[in-house]
Structure formats: C-alpha cells, structure tokens
Amino acid sequence: MLLLAIVALGVPLALNLSARVNAEVRTQAQGQADLVAATAADLLDPRHRATLTSLANSSANSIRGRVLIVDSNAQVLVDSGSPPQIGQSYESRQEIESALDGHQVQLQRYSRTLRQEILATAVPIIRNGTTVGAVRVTQSVAALNAAVHRVQFSLGLIALIVLALGLAAGALIAAQVGRPLKRLEEVARRVAHGDLSARAELEGSREQRSLAGSFNEMTDRIARLLHAQRNFVADASHQLRTPLTGLRLRLEEANAVGPGPAAAEIDAAIGEVDRLSHTVEELLVLSRGGERQIAGGPIDLGELAASALHRWEAKAQQTGHRLELRAQDEGGLAWAARLDIDRALDALIENALQYSAPGTTVTIVGSVGAVEVMDRGPGLAEDERAVVFERFRRGRSGRSGPQGSGLGLSIARELTRAWGGEVSLADRPGGGTIATLTLPRLSDGGAADTQPRAQADAEDRFAPA
Ligand SMILES: Nc1ncnc2c1ncn2[C@@H]1O[C@H](COP(=O)(O)OP(=O)(O)OP(=O)(O)O)[C@@H](O)[C@H]1O
Ligand SMILES: [Mg+2]
C-alpha cells in the first residue's frame, strides 16, 4: 500500500521534475544567448574585444557551457572555449547559418569535433535592423542528462527513506496491536489444556480489553461450574460410601446367621454392593482429578511394571491367569506422580484379567517410555476402541462379561494425560489386546512437574480385591 502510494506520487513527480529541469536549462541558454547578442551588438568593434571576451566568459560560466560570437561571415570573434577558435570559420554549423539568416534556433545535434550530443542555441546579433553577427551557446547533453539523473536519484533516495520509515512504523504498530492478541491466544491455549487458573491481561485497544474481559469471565464461569460439578460428585460419593459399607456388613451378617432360603439372593446382593462401591470409588478418583497439587518424581518404568506384577499376582492366581513380566531395556525414566501412574496401570491390568479367559497369560512389558499390558482375550472391535475411553462406556466384552462401571479406562487416560502421557488400546498380533501407557521420557524434557495434579490418597488406589 505504502509502496503503491510512493510509486503513484513519486513517478509523476520525477517525470515532471525532469521535464522542468530540461525546460529550465533550455530557457536559460536562450536567455543568455539573447542577453549576449543584445550587449554584443555595440561591442563588435575590435576595440571592445576584451569586454566582449569577458562578457562571453561570464555568460559561459553562468550556464556551464560554451559561448561563441561570430561576425556576419561566420568568423569567430570571441570563444569562451579552450583553446579559443578565434578567426576560424563556423559557416558549416547549421545553427550559425540559421542565426546569420536572422532566425533564433535551438537544436540538439551530434558534434563531430566534440564527439558527443550537444544542445546548441544561436541568435542573430542585430544592429540597425541588419544581422551583423551571431551568438551561439552550446551545452553538453550528457551534462544536462546527468543533472536530470541527479534529480531523479535524489527523489528515488527520498522515496526509499520514506518507504523504510513507513515499513518500520508499520511493523511497530502491527506489533503493538498484535501483542495483546498473541498473549490472549497463549492464555486461551493454557485454558484449553486444562489450566483454568490462567487469566488474560486487560491490555491493548478498547475492543481488545473488552475481549480479554469477556474471556476471563467465561473462564471464571467454566472454573466455577467444573468445581461445583466435581464437588457434587465428590460429596455424593462420600455420602454413598458409608451406607454402602454398612449395607455390606449387614448382608454379611445375614449370611453368617446360617444357610437360609435367601442365601443365594444375599450373595448376589453383596456382589451388587461391591460393584456399587467400586463405581463410587472410581467416581471419587475422577472428581479429584486436577483438584489438588501432587508432586511428580522420577519413575523407572521397568520398576513400575515389576511392582504392578507384584500387586496383581495374588489376584491373577484367583482368576486362573498366568501373569508374567518382560522387561525391555531398562524401562527408562519418566516424570510423574507414582500413585497416578500405578492407578492407571492397575485399570489396564484389571481389564486384561477380566476380559481374557482363565488359563491364558497376561504379560506386562516395561519398555523405554512405555508400559504395555498384553492379554489373549477377545480384543476390541475397531469402532469400540475409541469409545471405550468415554466415561461409563462399556464394550462388548464388558457387557457380556464381568460387572464393571465403564470408568476404568477414562480414569487411566485422565491420570496419565495429566503427566503428558497417553493410554491407548491396540490389537495384539495372534489375538488379544495390547494396552499401552506411554509417558514422556525424563531426558526428552517432557517433565510435567509443574502440572497441578490430584493428591491421590492411598485409598484412591483400587487395589486388587
Ligand atoms: N483388555 C481388554 N480386552 C477386551 N476388551 C477390553 C479390554 N479392556 C477394556 N475393554 C473394553 O473396554 C470397556 C471399557 O473398559 P473400562 O475399564 O473403562 O470399563 P470396565 O472395565 O467396563 O469397567 P470398570 O470401570 O470397572 O473398569 C470394557 O467394558 C471392555 O468392553
Ligand atoms: Mg475396567
């Protein structure tokens, strides 16, 4: 835009100025020739030769050219050039011939003597009505062009300086306008990543401040709603825990009285109560996600896998599974809260034991940056794999198999993502499922130690029953 304005203004200006310089030089030459001719009319007598010479010289100086005076026979009387061509005949010069014929001329022609283009202006010297001689002023066209080029160059330079200043000013203004928006974008990204404490600064233009204000209001509202929702779930789960424990105790007591007609029903009721308690526990964990600060630490994934094997060995025996550990490499170090990752891994192992047939083997593999839990169960259909991570979503194996609430995988994913990791499910070659928990390696700079995390109590962990 600025460039366009400079070109639109500068080009006509440069052309106009060049034309004016050209016209000015020509008018000046004509004026000087006229002046010298008028003065010389009375000085043609040889007595006045010195005066005539100095007149020609000073005139030549003022127009930076050469002034030549000839008599009526075209013989040179005075010449400001060096060496002066006094006495020579200039009859052959076209402009001298025209001037001696009584005409004023100005023409541009090639001078064979000087070997360049010249601008020649010639006027007759008239005395008492007759032409007694002529004055010729010559200037180099190259010098004239140089003057025009100098004007054009100066204009170009000015245009460049204006352009540079304009661009610098533009960049400055753009930066000033863009900075608040960029900062707002950063804050929006932090909020999108779950940091609801991030607030935008009220800065920039009125519209920008208003936008930042609305953004903060929206974030406040989301934070309040989320807090209220988590509080509600946490309170409800807490309230449910005690009566559930009481209910289980009473059912057990009823069973302990002796085998009665309702024994089978009571056993089933205890199973239902256990399932409900499990769901309540899981809801409690989810409600605490991101609520309190929990410190991260270095975690050796190989050791993490080994201790998980230890925790689940007894349960695997009960369900009739072989549980084996395979360590690949050293496991590698990651940064996270141990309780969170233990809990996430527990959900994966629990699924492997729940959804694969007794007698099969469940393998836990600690590798660099990841822990895998592999089973020989039915696997998951393509369409199931994405949705089973949603809360309360159960897959085909879940619905047709053991009881569960559909929260295990969403808890595992939420806890792992809080530390920059991920949980995913894949088909296992030869049948079965591979559940993978990845965490950024400590050396990758993926430490998520600043992340706010739920302070999981020991009770949060759902240890194998
Ligand atoms: N290893 C696996 N093999 C086959 N299906 C699986 C496996 N792991 C998970 N699934 C499927 O994914 C669904 C969701 O699992 P998720 O752990 O979230 O809930 P759940 O096991 O049903 O209940 P719970 O909350 O008690 O864990 C399961 O119902 C099951 O269909
Ligand atoms: Mg599960």
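**Exercise 1.** Which residues in H7 meet which residues in H8?

*Solution.* The model is predicted, and the two elements to locate in it are helix H7, residues 301–319, and helix H8, residues 338–355. On the H7 side, the residues that take part are Glu 303, Leu 304, Ser 307, Ala 308, Arg 311, Trp 312, Lys 315, Ala 316 and Thr 319, and they meet Arg 338, Ile 341, Asp 342, Leu 345, Asp 346, Ile 349, Glu 350 and Leu 353 in H8. Sorted by class, the residues of this contact divide into 8 nonpolar, 2 polar and 7 charged. As for the geometry, the helices pack at an angle of about 35° with their axes 10 Å apart, and H7 passes H8 in a right-handed crossing.

**Exercise 2.** Determine how H1 is oriented relative to H4, and describe the contact of the two helices by residue class.

*Solution.* Begin with the packing angle, which is about 160° for helix H1 (residues 2–40) and helix H4 (residues 141–192), the axes being 10 Å apart. Because angles over 145 degrees count as roughly antiparallel, H1 is roughly antiparallel to H4. The next step is the handedness, and the crossing of H1 and H4 is right-handed. The residues that make the contact include Leu 13, Ala 14, Leu 17 and Val 21 of H1, together with Val 148, Val 151, Leu 155 and Ala 159 of H4. By class, the contact of H1 with H4 has 16 nonpolar and 4 polar residues, and no charged residues.

**Exercise 3.** Describe the surroundings of ligand 1, and list polar atoms placed beside its oxygen atoms.

*Solution.* Of the 23 residues around ligand 1, those that come nearest are Asn 351, Tyr 355, Arg 394, Leu 407 and Leu 409. Taking the side chains next, an N or O atom of Arg 394 is 2.7 Å from an oxygen atom of ligand 1, and a polar side-chain atom of Ser 405 lies 3.0 Å from an oxygen atom of the ligand. Leu 407 takes part through its backbone, where a polar atom is 2.8 Å from an oxygen atom of ligand 1.

Notes:
Residues are numbered from 1 along each chain as its sequence is written. Chains are lettered from A and ligands numbered from 1 in the order in which they are written. This is a predicted model: local features need pLDDT of at least 70, side-chain atom pairs count only at pLDDT 80 or more; totals for chains, interfaces and linings use all residues. Side-chain values use heavy atoms; hydrogens and water are left out. Axes are lines fitted to C-alpha atoms, for helices over the stretch in contact, and angles run from 0 to 180 degrees between N-to-C directions. Helices (H or I, at least four residues) and strands (E, at least two) are DSSP runs, numbered from the N terminus. Angles under 35 degrees count as roughly parallel, over 145 as roughly antiparallel, 65 to 115 as roughly perpendicular and the rest as oblique. A crossing is left-handed if the near helix is turned anticlockwise from the far one by less than a right angle, and right-handed if clockwise. Contact means heavy atoms within 4.5 Å. Ala, Val, Leu, Ile, Met, Phe, Trp, Tyr, Cys and Pro count as nonpolar, Asp, Glu, Lys and Arg as charged, and the others, Gly among them, as polar. A residue is near a molecule or strand if one of its heavy atoms lies within 4 Å of it. A polar contact is a pair of N or O atoms within 3.5 Å; within protein, one must be able to donate a hydrogen and the other to accept it, and residues adjacent in sequence count only if both atoms are side-chain atoms.
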